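Have a look at the model first, then read on.

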Amino acid sequence: MASLAAEKGCKGKEGLLAPYAASEASSRGRRHAEPPHPYRSAFQRDRDRILHSSAFRRLLYKTQVFINHEGDLYRTRLTHSLEVAQIARTVAGCLGLNSDLVEAICLAHDLGHTPFGHSGQDALDRCMRPWGGFEHNLQSLRVVDELEERYPAFPGLNLSFETREGILKRCPPGRAGELGDLGERFLMRRQPGLEAQLANIADEIAYNNHDVDDGLRAGLLTADELAGVGLFQRHFAAVRRGRPRRQVLLRETVRRMINEVVTDLVENSRCKLQSAVPASIEEVRARARPLIGLGSETAAAHRELKLFLGRRLYRHERVLAMNRQVHRVVEALFVRFMADVHAMPAEHAARGIEWERGQGEAGRARAVADYIAGMTDRYAVAAYRRLVDPQLKW
Ligand code: MG
């Protein structure tokens, strides 16, 4: 029975994939060769490695938009990553794409995020300006390629090319050349595989719609303000006609918004695939434009929502006040660790000293940035209180 289960295990699902999907057979492989697993596909293994990583567990205490301690009901990077994966798996199933790969990409896509959401990343980027800056997509790749230490034979998680390709959804100009085959598409203006394209848009769908939900819950947004946003208003008006309780009204509105956008994503992408008929993942990669995406009307409605959130939620006075505090904390920690690497735990201090020997001050700065980026919100606050100001009000 065991061997039958192995033969008929989930690997068998790859036979149902569309010809343009990523598959183990067409994979560009891992950086360090490994024998195949008897009953898990390469992408299932990638997903499992990500799930068991320390960086993944730390996402639980990293902010999405709202500072982690503000309430237990808001999204964190962990729940966000799970929601992205759920949306993407559904779409992958409809389009014949590799749902194991797309899940692996989605679960890993935010591993390089700093504590305190985007303001944490901006603060760390500012600190790192003299040494090449800090960018969370590159850092996510760095986490899976180098920083996770679990395997005796290689650094990082040794993920498949396709998973790494999806994790690196953006790359600052000038850095692509350092990334070998992974950076090529940014230089050649080509596309990643369809699973990577899907993970990218599922991320946007998840955060735009869930930020509405969290923003309403936090009282930073009101339904009246959102009345000017077509996607919200249409569903809000329809749900309100049934006179549900207020909380149900808002939840059901957001649920329908997500459903509308995801349905359009499936239908529009299916149309594009049917007319382009790419014969393989390599044909997908050779194209100048993505094949997974929203139709123009839904894309415009979704963009309107995104712009609204940019204006009203991410620049809300309460969010901005927290951002200023975040910049103070991140900058002070950076300065402190640069002045004395031994203020960091021994393994990070050792990296700082070793890398400084090879790369000068830039090496020390990178070790400090890695350490700060790996912190959770509450760990960073505790470090600040211990090393800089015990009186910090948070
Ligand atoms: Mg994300």
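Which helix gives the most to the lining of the second largest pocket? H10 does, with six residues. This is a predicted model, where local features need pLDDT of at least 70, side-chain atom pairs count only at pLDDT 80 or more, and totals for chains, interfaces and linings use all residues. Residues are numbered from 1 along each chain as its sequence is written, and side-chain values use heavy atoms, with hydrogens and water left out.

**Second largest pocket**
- About 690 Å³ of space lies here, counting a pocket as an open set of 1 Å grid points, over the protein atoms alone, where a 1.4 Å probe fits, with protein on both sides within 12 Å along at least five of seven lines.
- Its lining has 33 residues (an atom within 4 Å of a point), and Gln64, Val65, Arg77, His118 and Tyr314 lie nearest the centre.
- Domain 1 (39-317) and domain 2 (318-387), with bounds from an automatic or database assignment, both give lining residues, so the second largest pocket lies between them.

**Largest pocket**
- The largest pocket holds about 840 Å³ of space.
- Of its 29 lining residues, Gln191, Asn200, Arg289, Pro290 and Ile292 are the closest to the centre.
- H10 gives the most to this lining too, again with six residues.

**Magnesium site**
- His80 (NE2), His109 (NE2), Asp110 (OD) and Asp203 (OD) are the protein donors, 2.1 to 2.7 Å from the magnesium ion; donors are N, O and S atoms within 2.8 Å of the metal (3.2 Å for Na, K and Ca).
- Along the sequence, the donor spacing reads H-x28-H-D-x92-D.
- Both His109 and Asp110 are buried (under 20% relative accessible area, 1.4 Å probe, protein chains only).

Technical notes
Buried < 20%, exposed > 50% of the residue type's maximum accessible area, 1.4 Å probe, protein only. Points joined across faces, edges and corners; volume = space filled by probe spheres on them. Helix = DSSP H or I, 4+ residues; strand = E, 2+ residues; numbered from the N terminus.
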